[in-house]
Amino acid sequence: LEQFSHAALFEGCTYPWEALEHLSAYLRTQKLGAIEVDIPPSTHLENPELISIGKGCVIEPGAYIQGPCIIGANSIVRHGAYIRGDLITGEACVIGHDSEVRHSIFFNRSAAPHFNYVGDTILGNAVNLGAGVKCANLRLDHQPIIVVIEGQRITTNLKKLGAIIGDGAQ
């Protein structure tokens, strides 16, 4: 967290998924609308006043970006990426071709580079998802998600939770 510019999102959280519960409200407290790079004409920005894109980012033609979201400096959003809002990326992240992302947090240098679905998910620092990885986020019986930690079943009170993936995982 010490390297992540949005560490405040995790303040007061006992479990990491609690940050996902606060993500929408946290984004509403941020100064949004700062787009610090040129956007190709064929890229669609939905609610640009709710989108911030940091310096050094590359936004390729044909991407769809819906606010609210913050895309950290030096990140890449490739052609065909579909960002559905409520997203924060750290620095130097990649959202790749035909990857769909919604309601998620990417720590620095994390990547969903091609053909991924990332919903209600937290990717730690330097996580790389292989091609076609799906972080499915809806429990099939529509009950609250239960997480087992050291043998203890903990109800998250979330209806959706994709994955929480630790630093450096591939």
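## Around Arg139

Leaving aside neighbours within four places in sequence, Arg139 is in contact with Pro144, Ile145, Ile146 and Lys159. Contact here means heavy atoms within 4.5 Å. This is a predicted model: local features need pLDDT of at least 70, side-chain atom pairs count only at pLDDT 80 or more, and totals for chains, interfaces and linings use all residues. Residues are numbered from 1 along each chain as its sequence is written, and side-chain values use heavy atoms, with hydrogens and water left out.

Arg139 sits in the loop between strand S15 (134-135) and strand S16 (146-149). Strands (E, at least two residues) and helices (H or I, at least four) are DSSP runs, numbered from the N terminus. Arg139 has a relative accessible area of 27%, so it is partly exposed. The cut-offs are these: buried is under 20% relative accessible area, exposed is over 50%, and partly exposed is in between (1.4 Å probe, protein chains only). The side chains of Arg139 and Asp141 are joined by a polar contact of 2.6 Å. A polar contact is a pair of N or O atoms within 3.5 Å; within protein, one must be able to donate a hydrogen and the other to accept it, and residues adjacent in sequence count only if both atoms are side-chain atoms. Lys160 is 21 residues from Arg139 in sequence, yet their C-alpha atoms are 6.7 Å apart in space.

## The nonpolar cores

In soluble globular proteins, nonpolar side chains tend to be buried together. A nonpolar core is a set of buried Ala, Val, Leu, Ile, Met, Phe, Trp, Tyr and Cys residues joined through side-chain atoms within 4.5 Å. Which residues have the most contacts inside the largest nonpolar core? They are Ile53, Ile59, Ile65, Ile71, Val77, Ile83 and Phe106, in a core of 25 residues. S2 and S5 are the elements that give two or more residues to this core. Another core lies apart from it, with 21 residues, among them Leu9, Ala19, Leu23 and Tyr26.

Take Ile83 as an example. Beyond its neighbours within four places in sequence, Ile83 is in contact with Tyr64, Ile65, Gln66, Cys69, Ile71, Val77, Ile95 and Val101.

## The largest pocket

The largest pocket has a volume of about 200 Å³. Of the 17 residues that line it, the closest to its centre are His6, Ser52, Ile70, Ile71 and Gly72. On a 1 Å grid over the protein atoms alone, a pocket is an open set of points where a 1.4 Å probe fits, with protein on both sides within 12 Å along at least five of seven lines; lining residues have an atom within 4 Å of a point. Points are joined across faces, edges and corners, and the volume is the space filled by probe spheres set on them.

Strand S2 (51-53) and strand S5 (69-71) each supply at least two lining residues. The lining divides into five nonpolar, eight polar and four charged residues. Here Ala, Val, Leu, Ile, Met, Phe, Trp, Tyr, Cys and Pro count as nonpolar, Asp, Glu, Lys and Arg as charged, and the others, Gly among them, as polar.

Thr89 is found in strand S8. Its relative accessibility is 2%, so Thr89 counts as buried. A polar atom of the Thr89 side chain lies 2.8 Å from the backbone nitrogen of Gly72. Apart from neighbours within four places in sequence, Thr89 is in contact with residues including Phe4, Ile70, Ile71 and Phe106.

Cys57 lies in the loop between S2 and strand S3 (58-59). Is Cys57 buried or exposed? Cys57 is buried, because its relative accessible area is 8%. Cys57 and Ala73 are 16 residues apart along the chain, with 5.7 Å between their C-alpha atoms. Asn108, in the loop between strand S11 (104-106) and strand S12 (111-114), is buried, with a relative accessible area of 8%.

## Backbone exceptions

Most residues other than glycine have a negative phi, and most peptide bonds are trans. Asn47 has a positive phi, near 65°. Asn47 is in the loop between strand S1 (44-46) and S2. Ala92 also has a positive phi, about 60°, although it is not a glycine. Ala92 is in the loop between strand S8 (87-89) and strand S9 (94-97).

The peptide bond from Gly67 to Pro68 is cis, with omega near 10°. Pro68 lies in the loop between strand S4 (64-66) and S5.
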